[in-house]
Amino acid sequence: MSSSFVSSVLSSSPSSDLPRCKIPGNHGLPFFGAIKDRWDFFYLQGRDQFFRSRMENYKSTVFRTNMPPGPWISPDPCVIVLLDAKSFLVLFDSSKVEKRNLFTGTYMSSTSYTGGYRVCSYLDPSEPEHGSLKALLLSFLASKHEEFIPLFQSCMKGLFSGLEDQLRDTGRAGCFVMARALQTPN
């Protein structure tokens with residue numbers, strides 16, 4: 001998904017009487033801008049500070065940047081970040097944003113891992129295969145509901161118990177609690 005396409009979508013989306021402005025930020029020099037942003041994201045600032053510093057710098061919750069993994073792994077790391085609920089809603093409108101091969105950002109694993117087929121999460125909802133694969137997956141879940149629902153409930157019970165305990169003890173809850181709770185259901 002090119003950044004020019006996303007910027008035209010965001011600028012043409014209907015909203016209130018707020019003035020429209022150009023999306024701030026830049027992607028820097030080709031290749032080197034992505035390397036710098038990758039270095040900031042993983043080593044210098046960390047995930048939260050990476051987004052917070054750019055949000056403060058551009059005075060906006062919508063801005064341009066590069067997202068890891070970047071060069072060597074992802075051919076086009078240029079993205080437009082949407083950090084607020086109002087602008088995030090545009091991503092759910094298939095008429096405005098193409099979702100082909102973009103499930104996890106700028107990187108799509110090789111189809112050689114899946115026998116030459118793109119899995120459902122990389123198919124755009126407008127593609128005919130998406131609907132049939134989604135129906136197959138949902139019918140499988142429905143047929144296994146007697147096993148799936150109790151497992152889901154026990155995992156979520158462990159997840160929320162762990163989050164509540166950590167929140168009570170430290171005042172914060174981290175993502176690692178989710179992984180621990182999902183590995184050891186009660």
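Figure 1. At 7% relative accessibility, Asp40 counts as buried, since the cut-off for buried is under 20% relative accessible area. The model shown here and in the other views is predicted. Asp40 is a residue of helix H2. Apart from its neighbours within four places in sequence, Asp40 is in contact with Gln45, Gly46, Phe50 and Arg54.

**Figure 2. The contact of helix H2 with helix H3.** Helix H2 covers residues 32-44 and helix H3 covers residues 46-58. Two packed helices are described by the angle between their axes and the distance between the axes. For this pair, the axes come within 7 Å and cross at roughly 130°. H2 and H3 are therefore oblique to each other. On the H2 side, the contact is formed by Lys36, Asp37, Asp40, Phe41 and Leu44, which meet Gly46, Arg47, Phe50, Phe51 and Arg54 of H3. By residue type, the contact of H2 with H3 divides into four nonpolar, one polar and five charged residues.

**Figure 3. Phe51 in helix H3.** Phe51 is located in helix H3 and is buried, with 17% relative accessibility. Not counting residues up to four places away in sequence, Phe51 touches Phe41, Phe63, Met67, Val81 and Leu83. Phe41 belongs to H2 and is also among the residues that meet H3. Between Phe51 and Thr65, which are 14 residues apart along the chain, the C-alpha separation is 9.6 Å.

**Figure 4. Two loop residues with positive phi.** Phe31 lies in the loop between helix H1 (3-12) and H2. Its phi is near 70°, a positive value in a residue other than glycine. Phe31 has a relative accessible area of 38% and is partly exposed. Lys59 sits in the loop between H3 and strand E1 (62-66). Although Lys59 is not a glycine, its phi is positive, at about 50°. Lys59 is exposed, with a relative accessible area of 72%, as the cut-off for exposed is over 50%.

Figure 5. A disulfide is a covalent bond between the sulfur atoms of two cysteines. With a cut-off of 2.5 Å between cysteine sulfur atoms, the count comes to zero disulfides. Cys78 is partly exposed, at a relative accessible area of 22%, whereas Cys120 is buried, at 15%. Ser132 lies in helix H5 (residues 128-143) and counts as partly exposed, with 48% relative accessibility. Ser132 and Cys120 are 12 residues apart in sequence, and their C-alpha atoms are 9.2 Å apart in space.

**Figure 6. The protein chain as context for the close-up views.** The secondary structure comes to seven helices and two strands. From the N terminus on, the order of elements is α-α-α-β-β-α-α-α-α. The protein chain has 186 residues, of which 27% are buried. Among contacts with a separation of 6 or more, 47% are between residues 24 or more positions apart. The protein chain exposes about 12,900 Å², and 62% of this area is supplied by carbon and sulfur atoms.

Note on methods: Residues are numbered from 1 along each chain as its sequence is written. This is a predicted model: local features need pLDDT of at least 70, side-chain atom pairs count only at pLDDT 80 or more; totals for chains, interfaces and linings use all residues. Side-chain values use heavy atoms; hydrogens and water are left out. Buried means under 20% relative accessible area, exposed over 50%, partly exposed in between (1.4 Å probe, protein chains only). Axes are lines fitted to C-alpha atoms, for helices over the stretch in contact, and angles run from 0 to 180 degrees between N-to-C directions. Helices (H or I, at least four residues) and strands (E, at least two) are DSSP runs, numbered from the N terminus. Angles under 35 degrees count as roughly parallel, over 145 as roughly antiparallel, 65 to 115 as roughly perpendicular and the rest as oblique. Contact means heavy atoms within 4.5 Å. Ala, Val, Leu, Ile, Met, Phe, Trp, Tyr, Cys and Pro count as nonpolar, Asp, Glu, Lys and Arg as charged, and the others, Gly among them, as polar. Accessible areas come from the Shrake-Rupley method with a 1.4 Å probe; for residues, only the protein chains shown count as cover.
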